[in-house]
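Have the sequence and the 3D view open as you read.

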Amino acid sequence: MTEPVVLTDIDARGVATATINRPEVNNAYNGEVVQGLIDAVGAFAADDSVRVIVIRGNGRHFQAGADLKWLNAVSEQSPQANDDVSRGTTNAIRWLDACPKPTIALVHGGCFGGGVGIVAACDIVIASEDALFAITEVRWGVVATPIFRQLIAAMGVRNVRRYALTAERFDAEKGRDLGIVHEVCPTGGLDAAAAPIIDSILKNGPDAVSWTKSQVMELGEFLVDDAAAEHMALLHSAKRQTGEATEGLLSFAEKREASWYPGPAPASIG
């Protein structure tokens, strides 16, 4: 029997875990993963026994962004199909962001593209020393519109302007400097690092925690409403259907630089 692409578990304390489970492709997301996350977070949010939600990845990496083969296939479908895919991606991130239960991301290995959006949408982020982050969308001629609101809230406009434009990688310590990571732990030490934080949350009134989160989100003006989500999704969809995106996704499939890259700077003389 094939395992689900998102595994779920709730322990006796009410600590729920959603584990992205496509290790054969570094947990890259496709439509099935997006829906799996929506379903898992929605079910946990509605379950009165759940006190804390943990998001993690199975295998060597946390989450490697979009499955670009799937994304390329989507780009060749109808505009309506592309809009629907972008709506799903946008809603998965904004509903995780607005989830009334506290959320903790445990990050190891690669965390790229939409994976960084998942992290930015969580309340607490713990990364092991082997973690690497990058907002990679522009490398493939697409845009990270569904996760910009969360990235800006986590990292600030100035930092997003750099890292979303360059697609540079940064490590866990740099992530902490940028504000997207709260704690850095030794490789293999995520559960030990998370344990005292989870225990601290469990000591607090569940309703008080939920109300505090909702008030912070509302007063900070970080919530994404339906109109904003629709606008973001349609922009995301439209860019994926351009010739530039087609070339970017093809360059990934063919393991080459995209046609717009002029090559490295010539060596200086003297």
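## Ground rules

Buried here means under 20% relative accessible area, exposed means over 50%, and partly exposed falls in between (1.4 Å probe, protein chains only). Helices (H or I, at least four residues) and strands (E, at least two) are DSSP runs, numbered from the N terminus.

This is a predicted model, where local features need pLDDT of at least 70, side-chain atom pairs count only at pLDDT 80 or more, and totals for chains, interfaces and linings use all residues. Residues are numbered from 1 along each chain as its sequence is written, and side-chain values use heavy atoms, with hydrogens and water left out.

## Strand β2, covered on both sides

Let's start with β2 (residues 15-20), where six of six residues are buried. Val 15, Thr 17 and Thr 19 point one way, while Ala 16, Ala 18 and Ile 20 point the other way.

## Who β2 pairs with

Two strands count as paired if DSSP finds at least two bridges between them. On one pairing, β1 (residues 6-10) runs antiparallel to β2, with five bridges joining them; Leu 7 has Thr 19 as its bridge partner.

## The whole sheet

Zooming out, six strands line up as β1-β2-β3-β4-β6-β9 in an open sheet with mixed pairing. β1 and β9 (183-185) are the edge strands, each pairing on one side only. From one strand to the next, the twist averages 20 degrees.

Helix α8 (residues 190-202) packs on this sheet, touching β2, β3, β4, β6 and β9, and its direction makes about 165 degrees with that of β6. Axes are lines fitted to C-alpha atoms, for helices over the stretch in contact, and angles run from 0 to 180 degrees between N-to-C directions.

## Ser 128, at the end of β6

β4 (residues 103-107) and β6 run parallel, joined by four bridges, with Ile 104 opposite Ile 124. Ser 128 belongs to β6 (residues 124-128). Why does Ser 128 count as buried? Because its relative accessibility is 1%.

Contact means heavy atoms within 4.5 Å. Leaving aside neighbours within four places in sequence, Ser 128 has contacts including Val 107, His 108, Cys 185 and Leu 190.
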